[in-house]
Amino acid sequence: MSLSPKELLEEIGLSPLWVLRKRPQVARPSAGEAAEEVPASESALVESPSLPEAVAASAESLPQSSACVAQMNWDELRKSIAECRACGLCAQRKQAVPGVGDEQASWLFIGEGPGAEEDARGEPFVGQAGKLLDAMLAAIGLARGDDVYIANAVKCRPPGNRTPETAEMAACFPFLQRQIALIQPKLIVLLGRAAVNSVLGDSGSLAGLRGKTAVYRDGDREIPVVVTYHPAYLLRNLPDKAKAWEDLCRARALMKAVRETQRLG
Ligand code: URA
C-alpha cells in the first residue's frame with residue numbers, strides 16, 4: 001500500500017498539509033553578476049524550482065548555472081561551493097561552509113548561514129547555536145553525522161552574522177537544491193525563518209508556520225518538511241524551547257510514519 005504524503009499525514013494525525021506559495025524563481029548569475037529575483041506566483045503548491053525559460057535557454061553556457069549544478073556529484077558540488085562568487089558574500093568569507101554529515105541521511109536539518117566560528121572551521125553549527133542543535137538532536141535520539149546531514153541556506157558567512165538577503169539565499173539555492181537531491185532525505189527540518197524563506201519561498205512568521213507539514217518536491221519525490229525555531233533564537237528565548245521540543249516530537253513521529261509507509265510500500 002502506498003499513501004500520498006497528504007493521506008499519510010491524515011492517517012497519523014499530523015495534517016493539515018501546508019499549502020504554499022510558489023517560491024521565487026531566480027536566475028542564477030554567472031560569476032560576478034548580481035542575483036535577480038523573479039516574482040512569486042500566489043497560487044501554486046511548493047515546487048522544486050525550475051529555471052525560467054530564458055535562463056534555461058542559455059544555461060548551457062553558464063559555468064555556475066542551476067542546470068550545471070543540478071548535474072554535479074558531491075566532489076564537484078563541494079568544489080563549486082568553495083569557488084562560488086555568485087553573490088557578495090564571497091568577498092569576506094574565510095571559506096565556504098558546504099554542510100556536514102551523512103550524505104545519505106534520512107534527516108536533513110537546514111539553518112541560516114555560517115557564523116564566525118563556522119567560517120573559521122568550515123563546518124556548520126559549531127558555535128553556541130551548534131551546541132544547542134546537538135542537544136536538540138540528542139533529545140530525539142539523533143547525532144550529527146549519524147543518519148543526519150546539516151546544511152545552511154547560504155554557504156558563506158553574512159558579514160556581522162546578519163540574516164542573509166533573499167537574493168543571497170536565491171543565488172545559493174541551487175547548491176542546497178542539489179544537496180537535497182543527492183542526499184534524498186526522508187524528512188527536512190527547517191531551522192528558522194531564513195531556511196523557510198530559502199526552501200519554501202515563504203516569508204511569513206515562524207509562529208504561523210509551526211505545527212503544519214509542508215512538502216518539498218524533488219522531481220517525483222515529495223519530502224515532508226517540518227519548521228521549527230533556529231537554535232540561536234532559542235538561546236535568546238528560552239521559553240520557546242518547549243515549542244521546539246513539540247516540533248521535534250512531531251518530526252520524530254513523522255519520520256516513523258514515513259519509514260513505516262516505505263516498509264509497507
Ligand atoms: N547558524 C546557522 O544558521 N548556521 C550555522 O552554521 C551556524 C549558526
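The following legends describe close-up views of a predicted model.

View 1. Helix H4 spans residues 74-83, and its buried residues are Trp 74, Leu 77, Ser 80 and Ile 81. Viewed down the axis of H4, these buried residues fall within an arc of 130°, so they line one face of the helix. An α-helix has 3.6 residues a turn, so residues three or four places apart point the same way. Asp 75 and Lys 79 are exposed and sit on the face of H4 that is turned away from the buried side.

View 2. The model contains 3 aromatic pairs. One of them joins Trp 74 and Tyr 149, whose ring centres are 5.6 Å apart. The planes of these two rings make an angle of 35°, and the pair is classed as tilted. Trp 74 belongs to helix H4 and Tyr 149 to strand E5, so the pair ties together parts that are 75 residues apart in sequence. Trp 74 has a relative accessible area of 13% and is buried. Tyr 149 is likewise buried, with a relative accessible area of 3%.

**View 3. Stacked pair of Trp 107 and Phe 109.** The ring centres of Trp 107 and Phe 109 are 5.9 Å apart. Their planes meet at 15°, so the pair is stacked, since planes under 30 degrees apart count as such. Trp 107 is buried at 3% relative accessibility, and Phe 109 is buried with a relative accessible area of 1%.

**View 4. Residues around the ligand.** The ligand is surrounded by Gly 111, Glu 112, Gly 113, Glu 118, Pro 124, Phe 125, Asn 152 and His 230. Among them, Gly 113 has a polar backbone atom 3.1 Å from a nitrogen atom of the ligand. A polar atom in the side chain of Asn 152 is 2.8 Å from a ligand nitrogen atom. In the side chain of His 230, an N or O atom lies 2.7 Å from an oxygen atom of the ligand. On its own, the ligand has 230 Å² of accessible area, of which the protein covers 91%.

How values were computed: Residues are numbered from 1 along each chain as its sequence is written. This is a predicted model: local features need pLDDT of at least 70, side-chain atom pairs count only at pLDDT 80 or more; totals for chains, interfaces and linings use all residues. Side-chain values use heavy atoms; hydrogens and water are left out. Buried means under 20% relative accessible area, exposed over 50%, partly exposed in between (1.4 Å probe, protein chains only). Helices (H or I, at least four residues) and strands (E, at least two) are DSSP runs, numbered from the N terminus. The arc is that of the directions from the helix axis to the C-beta atoms. A residue is near a molecule or strand if one of its heavy atoms lies within 4 Å of it. A polar contact is a pair of N or O atoms within 3.5 Å; within protein, one must be able to donate a hydrogen and the other to accept it, and residues adjacent in sequence count only if both atoms are side-chain atoms. Accessible areas come from the Shrake-Rupley method with a 1.4 Å probe; for residues, only the protein chains shown count as cover. Rings of Phe, Tyr and Trp (its six-membered ring) pair if their centres lie within 6.5 Å; planes under 30 degrees apart count as stacked, over 60 as edge-to-face and the rest as tilted.
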